[in-house]
Structure formats: structure tokens, C-alpha cells
Amino acid sequence: MPATDYALYTGCIIPLRYPDIENSIRETMPLLGVNVYDMVGAGCCPPGGAFWSVEEISGLAQSARNISIAESMNKDLMAVCNGCFCYLKNSNILLKSDKEKREKVNMILSKIGRKYQGTIYVYHLVEILHDHIGPERIKEATKIKLDGAKAAVHYGCHLLRPSDHLMAENPEKPHKLDALVEALGMESVYYPKKLSCCGAGGGMRGNNPDVTLKILEKKLLNIKYSDPDCIVTACPFCFLQFDLGQKGLRDKGEDFCIPVFYYNQLLGLSMGLPKKRIASISETPRDGFIKKFYGVD
């Protein structure tokens, strides 16, 4: 039987930029019978581009420290960001199987009184919603059905690859987030190059804003092909790229203004939770969508 209690790993972007997304996760999961618990003292995951590619053991030690906090809580870890999920799960698998690296990491952790033991699993929020809770239960838990609404689903790179380690989805034909969107009554529409990158990752957004906007523009042109009412993702960094990136393109005179939602924001609105708490922060307007489909200002 799937667990009902998880250690919530919020990462960096959600608590720093999007407290409404954090609220949407904290408030919807208990309504589905899942309890989330704070990982007190958790730090950056850390991202591979910043740590793993420079010094692997240091990166593994930081990931192992975070995992050891969940181990001390005796709970599996719930990641709510694709990048955090990718690096924490990769670290967990690698450290469970490689004794030499595990010993090096534990030598580092011993200096702060911690030890990685390999006793828990790392899950993405989408896995828990789809595999542990299930679309049917989500459908039953929602009060407002989004009949007639069309969504462009964006999975994001680090939910799918490296697939031999993550094993969260079929990397060529993912379906779980589409099924979760359809559980809300929406149509998940086809669009060309659906699995292509949004342009945010790999340090691109911070280091080369012109290139990142060009990649996003290509993605958005493909999304526009299906004329969706909104874009849905379950990664806060992809959310940021679609939301702020569209503003960046509008500032350059481009016509991109598709509402963007983190999945649990739509789930919470469909459960009747107030927009002010769970869907209040965005640079690309969403009020028209919320008014049209939820009937609230």
C-alpha cells in the first residue's frame, strides 16, 4: 500500500519566489489523504550544473545530507521541482549501489553528525499524484470541473531524463501529467515537439537570456498551434520560464500571453480553495482564465 506521509522537499525556487505554489501543494495534498512534513534544515539539492559537473563527491554529499534528513523522519521524500527530483533521485540510486562513493560521502557527513543510510525513496509529486493517489480519486475530490478547457502540458526535461535512473515516466511517450490534467475535466491537447526544452535549464536562463528567450519562443509557437487556454507544468523553474519568459517576449513586442499554472494550483482551484492563497503570483495574466472557468475574480 502506498505511503500517505512524505517529507516535503520544496527546493529553492518555490519558497523564494512562489509561496502561492507552495500553499497549493500544502493545502491540496491533505485533501487527497496525503500528509506532508517539513524537512527542517534542508538545503539546495544541488543542481548538477553547479556541483556535479565540477566535483561529484561534494555534490553527492549535499544531496545525501538532504536525504539523510528525510531518513531521520523515516519518510520517503517528495520532490516538487524537476531539477531537485532528478539530482536527489540520481544521488540516492548512486549512493545505494556504490559503496566507495557512499563511504566518501559519509566521511564528509560525519563532520556534521549526519549519515546517509539508503533507507528511503525519492518521488516526484507527479508520481505520487498519479501512481499513489490516482486520477479517479482526484476526479472525485474536485468540486469544479474544467469542461471545455484546453491545456498544453509541459513535462520538462528532468522529470523524464536520464530515464534509466529516474524511471518516473516513459521518456518517449509520457502520459501521467496528461492524465492528471484530464482528471480535472480539461482536454490535454497535442502540440508539436511537446517534449522539447522550455529553455530555462542548464544555466541558460541566468547566463544567456537572449538564447533562452529564442528557445522559449520556438516552444510557444508550437504550443500556439493547438490554441490552448493555458499551459500546465509540475516544475517551478519551467513555470518561471513560461511566466516571466512570456513577459520578456512581450517586452520585445512579441504576442505571447498564455496563462501558466503549476498543476496543484489548478487542482486547488478545482477543489474550491481561494485563488488569493494558491494562485496569486504571475507576470502573465491568469485572471481571465480563472474568471471564465472558475467564475471568481
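Close-up 1. The largest nonpolar core holds 96 residues, of which Met 29, Met 78, Leu 129, Ile 138, Met 186 and Tyr 263 touch the most other members. A nonpolar core is a set of buried Ala, Val, Leu, Ile, Met, Phe, Trp, Tyr and Cys residues joined through side-chain atoms within 4.5 Å. Buried means under 20% relative accessible area, exposed over 50%, and partly exposed in between (1.4 Å probe, protein chains only). In soluble globular proteins, nonpolar side chains tend to be buried together.

This is a predicted model: local features need pLDDT of at least 70, side-chain atom pairs count only at pLDDT 80 or more, and totals for chains, interfaces and linings use all residues. Residues are numbered from 1 along each chain as its sequence is written, and side-chain values use heavy atoms, with hydrogens and water left out.

**Close-up 2. The surroundings of Met 29.** Which residues are in contact with Met 29, leaving aside its neighbours within four places in sequence? They are Val 34, Val 36, Met 78, Leu 125, Ile 128, Leu 129, Ile 133 and Asn 264. Contact means heavy atoms within 4.5 Å. Met 78 and Leu 129 are also among the core residues that touch the most other members.

**Close-up 3. Helices H3 and H4.** Helix H3 spans residues 56–73, and helix H4 spans residues 82–97. Helices (H or I, at least four residues) are DSSP runs, numbered from the N terminus. The two axes come within 9 Å and cross at roughly 100 degrees. H3 and H4 are therefore roughly perpendicular to each other, a term for angles of 65 to 115 degrees. H3 contributes Glu 56, Leu 60, Ser 63, Ala 64, Asn 66 and Ile 67 to the contact. H4 contributes Tyr 87, Leu 88, Ser 91, Asn 92, Leu 94 and Leu 95. Seven of the contact residues are nonpolar, four polar and one charged. Here Ala, Val, Leu, Ile, Met, Phe, Trp, Tyr, Cys and Pro count as nonpolar, Asp, Glu, Lys and Arg as charged, and the others, Gly among them, as polar. Axes are lines fitted to C-alpha atoms, for helices over the stretch in contact, and angles run from 0 to 180 degrees between N-to-C directions.

**Close-up 4. A salt bridge between Arg 286 and Asp 20.** The two side chains meet at 3.8 Å, N to O. A salt bridge is a side-chain nitrogen of Lys or Arg within 4 Å of a carboxyl oxygen of Asp or Glu. The count comes to 14 salt bridges by this rule. Arg 286 lies in the loop between H15 and helix H16 (287–294), and Asp 20 in helix H2 (residues 19–31), so the pair ties together parts that are 266 residues apart in sequence. Arg 286 is buried at 3% relative accessibility. Asp 20 is buried at 2%.

Close-up 5. Is Glu 22 buried or exposed? Glu 22 counts as buried at 16% relative accessibility, while Arg 26 is partly exposed at 28%.

Close-up 6. Lys 275 is found in helix H15 and is buried at 18% relative accessibility. Not counting residues up to four places away in sequence, Lys 275 touches Leu 269, Ser 280, Asp 287, Ile 290 and Asp 297. Gly 272 sits in the loop between helix H14 (263–270) and helix H15 (275–278). Gly 272 is partly exposed at 46%.

Conventions:
Helices (H or I, at least four residues) and strands (E, at least two) are DSSP runs, numbered from the N terminus. Angles under 35 degrees count as roughly parallel, over 145 as roughly antiparallel, 65 to 115 as roughly perpendicular and the rest as oblique.
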